Amino acid sequence: MTPQELSLYIKAEAKCLGFAVCGIAKAGIVPREEMKRFTEWTDGGNHGTMSYLERNCDKRENPALLVPGCKSIICVAMSYAQPATPRNRLHLSRYAQGKDYHKVLKDRLHALLKSINEATGAGGRAFCDSAPVLEHYWAEQAGIGRVGLNHQLIIPGLGTFFFLGELFIDQEAEPDTPIEHNVCINCNRCIINCPTGALTKTGFDARKCLSYLTIEHRGDLPEGTGEKMGNCFYGCDRCNASCPHNGNYEPQTTNELLPAEELSAMTDEEWFTLSEERYKRLFKESAVERAGYAQLIRNINEIKKLR
Ligand code: SF4
Ligand code: SF4
């Protein structure tokens with residue numbers, strides 16, 4: 001296959017596998033400026049206790065250290081857009097309502113790799129939040145979107161409610177062209193609607209972000225967190241929900257990512273009295289399993305005590 005043919009083949013296969021978008025970037029060393037931006041962010045402590053972000057900078061910079069002979073980086077996106085929870089009900093972040101997206105995306109990326117391998121003999125590896133990969137940088141290089149003031153990838157015409165995944169392969173596929181114009185319209189809605197000040201014009205401080213505090217942070221929540229949480233007991237979504245690019249999103253249809261009936265029907269009273277047994281049933285094979293029962297209850301209690 002020529003690089004052009006391989007590129008067309010990959011995109012057709014990605015579409016069949018349910019990815020909404022697929023773009024290809026030429027693999028290479030990440031520019032120094034880009035790495036500097038990232039290390040300055042971690043050096044400033046903005047990543048909180050997510051210390052894994054400080055490690056493996058050499059691999060983050062050089063894709064060939066993750067896949068020897070890496071020539072192309074295939075970037076895919078899969079929607080997790082769900083209808084919003086009614087305002088007066090407790091809210092679980094949209095991305096966490098189905099099965100664990102790491103597994104859902106990786107299974108499909110492995111299927112894509114298998115198909116490419118059978119067609120061309122190419123080798124490679126699949127990633128989804130599972131390795132030191134600068135995913136926003138590569139998604140921009142692959143032309144699938146641009147990062148906005150909300151620090152999310154905005155996919156033109158589709159929005160920001162997307163999981164991202166990457167396939168590094170050792171074959172050359174024709175690369176796409178990055179989007180040159182700024183997709184974010186600088187309306188500031190994400191910043192205005194952020195209840196904690198985690199988002200500013202100049203940056204993002206994960207330590208203040210409710211997604212970080214309710215999911216990654218161990219131990220007691222900082223004082224006053226409950227008032228900022230509102231109804232959100234796991235994640236937050238306000239910056240995404242307020243972005244005009246998500247104004248007309250299509251609800252996603254990937255079976256594994258849809259919430260189970262029991263989860264959708266949960267009332268506040270049921271959340272407030274959630275047993276460990278029910279927690280295990282509700283979040284079997286879900287990303288929420290990572291936080292653990294005690295942490296979820298810590299979050300729910302933060303809201304309960306203000307009711
Ligand atoms: S998830 Fe919530 S707290 Fe975090 S940046 Fe977005 S709006 Fe702010
Ligand atoms: S809400 Fe406005 S400023 Fe924020 S990312 Fe979306 S378009 Fe950009």
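1. Let me start with Asp 237, which sits in the loop between strand 8 (232–234) and helix 9. Helices (H or I, at least four residues) and strands (E, at least two) are DSSP runs numbered from the N terminus. The phi of Asp 237 is positive, about 75°, although Asp 237 is not a glycine. Most residues other than glycine have a negative phi. Asp 237 counts as buried because 20 C-beta neighbours lie inside 10 Å. The cut-offs here are 20 or more other C-beta atoms within 10 Å for buried, 12 or fewer for exposed, and partly exposed in between, with C-beta atoms placed from the backbone.

2. A word on the source: this is a predicted model, in which local features need pLDDT of at least 70 and side-chain atom pairs count only at pLDDT 80 or more, while totals for chains, interfaces and linings use all residues. Residues are numbered from 1 along each chain as its sequence is written, and chains are lettered from A and ligands numbered from 1 in the order in which they are written.

3. Asn 56 also deserves a look, with a positive phi of about 55° although Asn 56 is not a glycine. Its place is the loop between helix 2 (32–43) and helix 3 (57–61). Asn 56 is partly exposed, because 14 other C-beta atoms lie within 10 Å.

4. Now to the surroundings of ligand 1: Cys 194, Pro 195, Thr 196, Ala 198, Leu 199, Cys 209, Leu 210, Ser 211, Cys 236, Arg 238 and Cys 239. A residue is near a molecule if its C-beta atom, placed from the backbone, lies within 6 Å of it. Helix 7 (210–216) and helix 9 (238–242) each supply at least two residues of this shell. By class, the shell has eight nonpolar, two polar and one charged residues. In this scheme Ala, Val, Leu, Ile, Met, Phe, Trp, Tyr, Cys and Pro count as nonpolar, Asp, Glu, Lys and Arg as charged, and the others, Gly among them, as polar.

5. Which residues are the closest to ligand 2? They are Gly 148, Cys 184, Cys 187, Cys 190 and Cys 243, in a shell of 14 residues. That shell divides into seven nonpolar, six polar and one charged.

6. Helix 1 (residues 3–16) and helix 4 (residues 101–120) have axes that come within 10 Å and cross at roughly 145°. The contact is made by Leu 6, Tyr 9, Ile 10, Glu 13 and Ala 14 of helix 1 and by Leu 112, Ser 115, Ile 116, Ala 119 and Thr 120 of helix 4. These residues divide into seven nonpolar, two polar and one charged. Axes are lines fitted to C-alpha atoms, for helices over the stretch in contact, with angles from 0 to 180 degrees between N-to-C directions. Two residues are in contact if their C-beta atoms, placed from the backbone, lie within 7 Å.

7. Do look at Ser 79, in strand 2 (residues 72–79). Ser 79 is buried, because 23 other C-beta atoms lie within 10 Å. Leaving aside residues up to four places away in sequence, Ser 79 touches Ala 20, Phe 161, Phe 162 and Gln 252. Ser 79 and Lys 36 are 43 residues apart in sequence and 30 Å apart in space, C-alpha to C-alpha.

8. Finally, the overall picture: the chain has 13 helices and eight strands, and 40% of its 307 residues count as buried. Its C-alpha trace spans about 60 × 40 × 35 Å along the principal axes.
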